[in-house]
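Subject: Structure for you to look at

Hi,

Here is the structure I promised to send over. Please open it beside this email, and I will walk you through what turned up.

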Number of protein chains: 2
Amino acid sequence: MSLLVVGSIAFDAIKTPFGERERALGGAAVHFSLAASYFTDVRVVGPVGDDFGEDEYAVLRRHGVATDDVEHVEGGKTFFWACEYEWNLNVRHTLDTQLNVFADFQPKLSEASKQVETLFLANIQPDLQREVREQTQAKLAGLDSMNFWIDSERESLERTISTVDIVLMNDDEVRMLTEQPTLLKAARQIMELGPGVVVVKQGEYGAALFTKDEFFAIPAYPLETVIDPTGAGDSFAGGLLGYLDSQGGATDAATLRRAMAYGSAVASYWVEEFGCERAADLTREQIDERFEAFRRMSVIESVPA
Amino acid sequence: MSLLVVGSIAFDAIKTPFGERERALGGAAVHFSLAASYFTDVRVVGPVGDDFGEDEYAVLRRHGVATDDVEHVEGGKTFFWACEYEWNLNVRHTLDTQLNVFADFQPKLSEASKQVETLFLANIQPDLQREVREQTQAKLAGLDSMNFWIDSERESLERTISTVDIVLMNDDEVRMLTEQPTLLKAARQIMELGPGVVVVKQGEYGAALFTKDEFFAIPAYPLETVIDPTGAGDSFAGGLLGYLDSQGGATDAATLRRAMAYGSAVASYWVEEFGCERAADLTREQIDERFEAFRRMSVIESVPA
């Protein structure tokens, strides 16, 4: 099977109480594709500038991510984002956003990219997401979005949502999009647009899964130390979609629950280092260990007779 | 077995986007004892004023809660608290707090109360919590607290924590108390004071359980409609401690996980009506149903060979 992700490729300046990086490889498409690469063949579409060099390509390629459709914009600069986290890492402040080549991004898909089985539309302008969706034959498609598009392009976003199978957004965004106070009502309202699966990312609290008949929630893996939450949500999405693609795009309840656990396992490693640095020596065996830990820590035994 | 709770008995003025109550029976000890009454014999200690009448006693007595140690302060007024919730029910504003008889509360325990097997010290001044703890022979003791005491009486609170087995607090309070950014480190630091179990309440996200060797988390039960979150945390604590008491005060991993699920099941009903009104027709069978639902919704099947 194969998985395509379309979204941002970035350099991030990140400051947390535990250190900082001036220029960390980042962007939703990077975190997603590296995370998904542990499960399936991944292709990435996104724009970069002249400052994106061999070192950065090498990170993706070492994980087997196909970068043929990374669009190099001559004379351009790569998307840049600066943020700072408070001591309570749930609180993040964006300090700077320079869209650069991302401002005029028009995704172009090669034949290979059009023929993937699974597609993930990371957070980009909803019209562009829809154009990409329509160019692929993907049997399974998911998307993420953000408050900016909910505010400014709600109608387009809702149209795009109607073309995908899985919506994967933060809880605040889900509430904002649906204007529903409970996540259950919000998820049902999103499902009425078309998708059969809604995954609500809840930061340090984990994530919740809604389908027509099912509810499932998984906590974040308990860690002594979190160094940098950047990319946690995108690596979670990458693990989740990557696992689903590796299972032939199955979305039955048991497969979805396992995908949630795999996504959470990957994300739990991601936050142990800055940006996507943890991917450098992360192995599939380590991911499987935390998957098994999630299985053990979720059991509620029945009441003794 | 039997369970004693010491804490506030109150009238609450509550406003949510879905309605309001001018004078709802409330207070941590009330929510806790009603919730715990589904599992074991419960006694309640707390002060009330002349405005606390037969109707209010009747609510407790209908649930079999022993009210002999409710202290009626002649000429006094019952603790009064007014709050308003935003559309996002996670955001609550306190509008008014009138301590009234609660300001001079000095818990007095009857012989029957001193001899309970399980004790819960709801959120009151930490010196008073410790005095109560020392007056009982309870084999299992838990406590709650709040930011106010962490700020103003940290040392006393830490001494009191060292006398109990279970600490049950909100995540923000746990962070504030320990000055640790991750809940795992925060829980370990609390356990170093003495308690073997730390339960972190996370509002709509559920709750997490930490012991020396174990981590377990349970989401809030997914509800279409939440009417009023008031008392959710206290009813959760009541269900949790009530179940543990009913199991002879066992705190092995399987019993603790079931207790978490029972607490969450009770809390999920509590928020369906204002204050503790849902208790009026809530049955143990209904609680067991949601307990079983939690069991089903928590399973992660192993990866097919």
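First, a definition for the helix packing below: axes are lines fitted to C-alpha atoms, for helices over the stretch in contact, and angles run from 0 to 180 degrees between N-to-C directions. Helices (H or I, at least four residues) and strands (E, at least two) are DSSP runs, numbered from the N terminus.

Please keep in mind that this is a predicted model: local features need pLDDT of at least 70, side-chain atom pairs count only at pLDDT 80 or more, and totals for chains, interfaces and linings use all residues. Residues are numbered from 1 along each chain as its sequence is written, while chains are lettered from A and ligands numbered from 1 in the order in which they are written.

**Helix packing in chain B**

Helix H7 (residues 171-178) of chain B packs against H8(B) at an angle of about 65°, and their axes are 9 Å apart. H7(B) passes H8(B) in a left-handed crossing (left-handed if the near helix is turned anticlockwise from the far one by less than a right angle, right-handed if clockwise). On the H7(B) side the contact is made by B:Asp171, B:Val174, B:Arg175 and B:Thr178, and on the H8(B) side by B:Leu183, B:Ala186, B:Gln189 and B:Ile190. Residues are in contact here if their C-beta atoms, placed from the backbone, lie within 7 Å. By class, this contact has 4 nonpolar, 2 polar and 2 charged residues; Ala, Val, Leu, Ile, Met, Phe, Trp, Tyr, Cys and Pro count as nonpolar, Asp, Glu, Lys and Arg as charged, and the others, Gly among them, as polar.

**Helix packing in chain A**

Among the residues that make the contact are A:Tyr262 and A:Tyr269 of H10(A), and A:Phe291 and A:Phe294 of H11(A). The contact divides into 8 nonpolar, 3 polar and 2 charged residues.

The contact includes A:Phe236, A:Gly238, A:Gly239 and A:Tyr243 from H9(A), and A:Tyr262, A:Gly263 and A:Trp270 from H10(A). In it are 13 nonpolar, 6 polar and 1 charged residues.

**Sheets**

In chain B, 9 strands form an open sheet with mixed pairing, in the order E5-E4-E1-E8-E9-E10-E11-E12-E13. Strands pair if DSSP finds at least two bridges between them. Strand E5 (70-72) and strand E13 (215-218) of chain B are the edge strands, each pairing on one side only. From one strand to the next the twist averages 15°. Strand E12 (residues 207-211) of chain B runs antiparallel to E13(B), and 4 bridges join them. One of the partners to look up is B:Ile218 in E13(B), which bridges to B:Ala207.

Chain A has an open sheet of 4 strands, also mixed, in the order E3-E2-E6-E7. Strand E2 (residues 10-16) and strand E6 (residues 79-85) of chain A run parallel and are joined by 6 bridges. There, A:Phe11 stands opposite A:Phe80 in E6(A).

**How the two chains meet**

Chain B can be laid on chain A with an RMSD of 0.0 Å by a turn of 180° and a shift of 0.0 Å along the axis, superposing by least squares on the C-alpha atoms of residues with pLDDT of at least 70 in both. That is the relation of a two-fold axis. The same surface serves both copies, as 100% of the contact residues of chain B recur in chain A.

In the interface, 33 residues of chain B are in contact with 33 residues of chain A. Helix H8 (183-192), E13, helix H10 (253-270) and helix H11 (284-297) of chain B each supply at least two residues of the side that touches chain A. The largest share, 4 residues, comes from H10(B). That side of chain B divides into 20 nonpolar, 6 polar and 7 charged residues.

Best wishes

Conventions. Two residues are in contact if their C-beta atoms, placed from the backbone, lie within 7 Å.
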